[in-house]
Amino acid sequence: MKERSVNKRLFLTRLAREHPFLSAILALFVLLASLYSVVTPVYEAPDEIGHFTYIKYIADHRALPVFEPVGEDPWIPEGRQLPLYYLLGALPLSLVDTSDADQLLHFNPHAIVGTFGGVGNRNWVVHTREEAFPYHSTVLAIHLVRFLSILMGAATVLIAYSIALEIFPSRKGLASGAALLVAFNPQFLFISGAVNNDNLAALLSSAALLALLATLRKGATTPRLICLGIILGLAALTKLNALGLLPLGLLALLIMSTRQRSPTLLVRGMAILLLLVLLIAGWWYVRNWALYRDPMSLYIHQEAGARRENPFTLPSVIGQAKAIKKSYWATFGWFNIQADPILYHFFDCLTFLGGLGLILAAIRVLRGRPFLPLAKLSLLLTWIVIMALELLGWMWQASAYQGRLLFPATSAISFFLFFGLSQFTPRRYTTLLAGLLGGLMLLIAIITPFRYIAPAYAKPPLISADEIASIPHRLDVTFGGQMRLLGYAIDQPSVKPGNKVAVTLYWQSVAKMDKDYTIFVHLLDELETVVAQVNTFPGLGSFPTRDWERGESIAERYILRLPGTVLSPNSAQFEVGLFDPFTSDRLPAYGPDGHFMGDNVRFYHIEIEEGPVGQGPIGVFVNFENTLSIAAYQLERWVVSPGTTIHLTLHWQALTDVDEDYLVSIRLLGSDGAPRAQVEGQLTASPASLWTQGQAVPATYDLPLSLDTPPDIYEIEVRLQRAATGETLTILDAEGQPQDDRAFISRLRIEAP
């Protein structure tokens, strides 16, 4: 044991002496990834709840979970994932009591997650003081598994360095540059500090690449093939995208057998690799076949709802590719926390210059200088292509636009990126380039958790007694004897349709609460229609009411966006209250003198100015039996007088090739439901039976008003009928379910002359 400890110290000493840049990168990586892990609240990394609950299931039951279509197990759909990462993660859980896991897990019903750059409540789970350091119970267990992931990330950085040296043995500066692009990538640090099987997939994929490159250089001896087969088998037990390593191994064996003119090498090598992969990972695929008749268990993901919501088209692929590009470098939380645009521009420039440098290197190769190890480079490039194709295939099945899905190829991507950048400097300056780029990447990596991640989950600051005394408008309304609305502040006296209005509310805890109440802020127009609203936990989700101590007070700003279709000019007032999000029961409101006010308080009249009518069509989507739709509409004015004519433009669109004609009926209905103007007839001047899928056709309809039309708020009703039979078409909702047979497009006001 003593000799082993001495050898370990000697290895670390030699590593620090011979590769000082690498040693510094590894040390900084572990520190930074630990920082990201601490700053990110539990369960706020992508799919972490599913990954951790899968691990906990194994630790608790000493067995793998079996998917059931009926149920709400939080490990679904991660339960379909290959088990190696989860088996490893279950080891530290045996040291910790995780019986409080259910008490820790409180979902935020107002969270906006899975939306690129979403705003609002960022936290998917409600967090309280129970998660604070020193960690204990389930929180401690999560951080232990996170640290295991950090070690996997550090090993990936080490292997990325080794891969570069395997290709160019004498260029430590090039190897350092490749390693730092892995280590100081903010997204890689973020995922490394999370419970996520992408960490083991990146490690084993990088290890397989290194083993393949070493085999190319040293020869395909049986011990090397066995080592490579073990790595491939472990990778095949970690994540499905690692199966792409098998054709990569075939390519490497093909190159070697061609060089040596030995077909038996190819056969022997593939036999060894396939045998070891089957021995190590084959049982998992056999199990899936026995349980689900699906060896890769892909349908579990689909059964759990992870299907594509939009058609797989070229524009959608381009849009997702942009999201993948951003999230490869810096998108945090549940894909809802973005960095500043300048950071993405920096990474775009870095990628562009790296790609341009690779083109210069290719030109030099074509000119015969300098010599490059093309077989090894081809192997790395092929792996990147395989990963890109696998990601494209996954995008075809589900909305999979997260850059971390490319992390199994991050060692190869980072090598090519820095190799391309190094083409712009003489070789003797490669180490200097690595140092400069590393310093810049390190600065970005240090700033990121404090500028983007921590603020997204930070609790609002408590306000002082002096700040309470200076509240502009006092209300002192108490809700259910638990929360008090001290007052409010308004930034603006009016707002236009399509714009935002902000209100600051001052809250104070009256008693210690055992529930997480939702604050609702409504803007009601003259008809008491909610024209804008916000439902949120306090602190935009970061300060749930059961975490408040008695007497604590905050000021919180709420931003409400009015739709462009809101009736204007108009007047609206704010309506505020609290309710239980799980029962929808509102807390009763009592005024300063204790009198009952109902279940809300209303205050301040804000003017809604006349909107941007006539500036362009307003987008809507009314689906008539998947045949025709109204894609947008346009009005000249929201306010008209009796005796005038309303000009309404509807933008029709064919959802399929149309083979019959239609009639349209448009009516103007008052508050009593009686029609005051209407038009019926052919849909457009162009027969609908000639329209093809996707064709858009605008049509303008005139609704004349009589002089005795009473002042009122009117709604515009649209119906569609088949010309041949007179049958009225049904309107379908977003899920394709039938709804009403009439659409209410908009409202307008008729004023007294």
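Student: Which residues in H15 meet which residues in H18?

Tutor: In this predicted model, Leu343, Phe346, Phe347 and Leu350 of H15 meet Leu437, Leu440, Met441, Ile444 and Tyr452 of H18. By class, the residues of this contact are 9 nonpolar, no polar and no charged.

Student: What makes H15 roughly antiparallel to H18?

Tutor: Helix H15 (residues 341-366) and helix H18 (residues 430-457) pack at an angle of about 150°, and their axes are 12 Å apart. Angles over 145 degrees count as roughly antiparallel, so H15 is roughly antiparallel to H18. Their crossing is left-handed.

Student: Why are H3 and H4 called roughly perpendicular to each other?

Tutor: The angle between helix H3 (residues 48-61) and helix H4 (residues 84-93) is about 65°, with the axes 8 Å apart. The range for roughly perpendicular is 65 to 115 degrees, and H3 and H4 are therefore given that name. The crossing of H3 and H4 is right-handed.

Student: Which residues of H3 and H4 meet?

Tutor: From H3 they are His51, Phe52, Tyr54, Ile55, Lys56, Ile58 and Ala59, and from H4 they are Tyr85, Tyr86, Leu87, Gly89, Ala90 and Leu93. The contact of H3 with H4 has 10 nonpolar, 2 polar and 1 charged residues.

Student: Why does Gln187 count as buried?

Tutor: Gln187 has 3% relative accessibility. Buried means under 20%, so Gln187 counts as buried. Gln187 lies in helix H8 (residues 186-192).

Student: With which residues is Gln187 in contact, leaving aside its neighbours within four places in sequence?

Tutor: Gln187 is in contact with Ser327, Tyr328, Trp329, Ala330, Thr331, Phe332 and Phe407.

Notes. Residues are numbered from 1 along each chain as its sequence is written. This is a predicted model: local features need pLDDT of at least 70, side-chain atom pairs count only at pLDDT 80 or more; totals for chains, interfaces and linings use all residues. Side-chain values use heavy atoms; hydrogens and water are left out. Axes are lines fitted to C-alpha atoms, for helices over the stretch in contact, and angles run from 0 to 180 degrees between N-to-C directions. Helices (H or I, at least four residues) and strands (E, at least two) are DSSP runs, numbered from the N terminus. Angles under 35 degrees count as roughly parallel, over 145 as roughly antiparallel, 65 to 115 as roughly perpendicular and the rest as oblique. A crossing is left-handed if the near helix is turned anticlockwise from the far one by less than a right angle, and right-handed if clockwise. Contact means heavy atoms within 4.5 Å. Ala, Val, Leu, Ile, Met, Phe, Trp, Tyr, Cys and Pro count as nonpolar, Asp, Glu, Lys and Arg as charged, and the others, Gly among them, as polar. Buried means under 20% relative accessible area, exposed over 50%, partly exposed in between (1.4 Å probe, protein chains only).
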